[in-house]
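Have the structure at hand and follow along.

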Amino acid sequence: MLERRTVFKAALAAGASLLLAACSSTENGNATSVDGKPAEDAPKAKITAEPALDAKDVPVAKPVVVKVTEGKLTEVKVLGEGDKALKGELSPDGLTWTSSESLGYGKTYTYAAKAMGTDNKPAEFKGTFTTMKPAKEVRATLNPADNATVGVAMPISVKFASAVKNKAEVEKALKVKTDKNIEGSWGWLSETQVDWRPKEYWPANIEVNVEAKLYGVDLGGGAFGKADVTTKFKIGRNQVVKIHTPDHQMHVYRGGAKAKSYPCANGLDAEVDRNTPNGTFIVMEKKPQAVFDNARYGYTNVNKKWACRISNNGEFIHENQDNASAIGKTNNSHGCVNLLEADAKDYFDSALVGDPVEISGSRLPGPTKSDVKDWLYDWSTWQTFSAVK
């Protein structure tokens, strides 16, 4: 009878041991008991990560961060499609790993991290997370282009393939860097275009770097930035054109000093709609040969040389040798600035895209429908176009 009780007690002891084992678990490489306290054989190292395990709709622009306490990380991998490892760096103290490249949209990533605890016991961390998938990915373009040399009034322009709702968030992702402290501001000219211009003309002969970190930026309405864009360009010499239309003269200033003067004919004074408009414009493009059409005034396929566009409302500085008798004497054009052929060629050769053209003396204000109208506004008005207050 005594022997049978001893056997029964031994069975109870064995059952209790089995119950204790069944109520232990392993979480992120660390063994815990049923009451949440570490088991005696659990490693001290505790690995955590952001994004958390099983996270959904993770933003793609934020870095992945893996950390450990009471130990040091010995290996960290964050694997994407095809087991391609996300690039990243481990801190010198071995406590933190941070990714150095962006995540992809709509992707699943797998953690595979290891650490050695202060108790010389290894710990592991495994699991997955999934990134967000936008309803629409919107591409942006940036102007001026890389390595361009432009005039001192050239704005920086970011254009989007569709309308932007979260304008302030976009502006925060845009950076303009120069080796001089230059005051300037972003301004929204439309739902798809934001420009940056300095308060005054750019200093001559400086380099400008622009970063548009738009990938992963919430543009609003389910749209997100498709890619980052950057550009690096140079501001050239300071050249400014000044025309006071009643004087029939076009003056060119270099570095603040008058360098050239050319006789010109501007828009017909008697008709306001044909006036060359007032305002500060920029040279937008240069064409050795240009074809002009204006059905309203009855001319088509008119060929002119050495054309510098100063607005997309139809105004150019160009050769018009056919109008030689009026040049320097009378304003009779349809809004363009007419020069003699030799003068037009001389000016054309000196001009850069982005050079300012200041026009005064007209009765016609600057066209507000142009997409290059940055300098038609005074500085205080321009600042109100920014979405960041």
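## The largest pocket

How much space lies in the largest pocket? The answer is about 570 Å³. This is a predicted model, in which local features need pLDDT of at least 70 and side-chain atom pairs pLDDT 80 or more, while totals for chains, interfaces and linings use all residues. Residues are numbered from 1 along each chain as its sequence is written, and side-chain values use heavy atoms, without hydrogens and water.

A pocket is an open set of points on a 1 Å grid over the protein atoms alone, with protein on both sides within 12 Å along at least five of seven lines; lining residues have an atom within 4 Å of a point. Volume is the space filled by probe spheres set on the points, which are joined across faces, edges and corners.

Of the 27 lining residues, Asn-294, Tyr-299, His-334, Gly-335 and Cys-336 lie nearest the centre of the largest pocket. Strands E25 (285–294) and E26 (299–309) each supply at least two residues of this lining; strands are DSSP runs (E, at least two residues), numbered from the N terminus.

## The second largest pocket

Here the volume is about 280 Å³. The second largest pocket has 17 lining residues, with Asn-143, Met-154, Ser-157, Lys-159 and Val-372 nearest its centre. Strand E11 (140–143) is one of the elements giving two or more residues to this lining, and E11 gives the most, with three.

A cavity is a set of points where a 1.4 Å probe fits but cannot get out. The largest cavity has a volume of about 40 Å³, and its lining includes Pro-155, Phe-281, Val-372 and Trp-375.

Key: Helix = DSSP H or I, 4+ residues; strand = E, 2+ residues; numbered from the N terminus.
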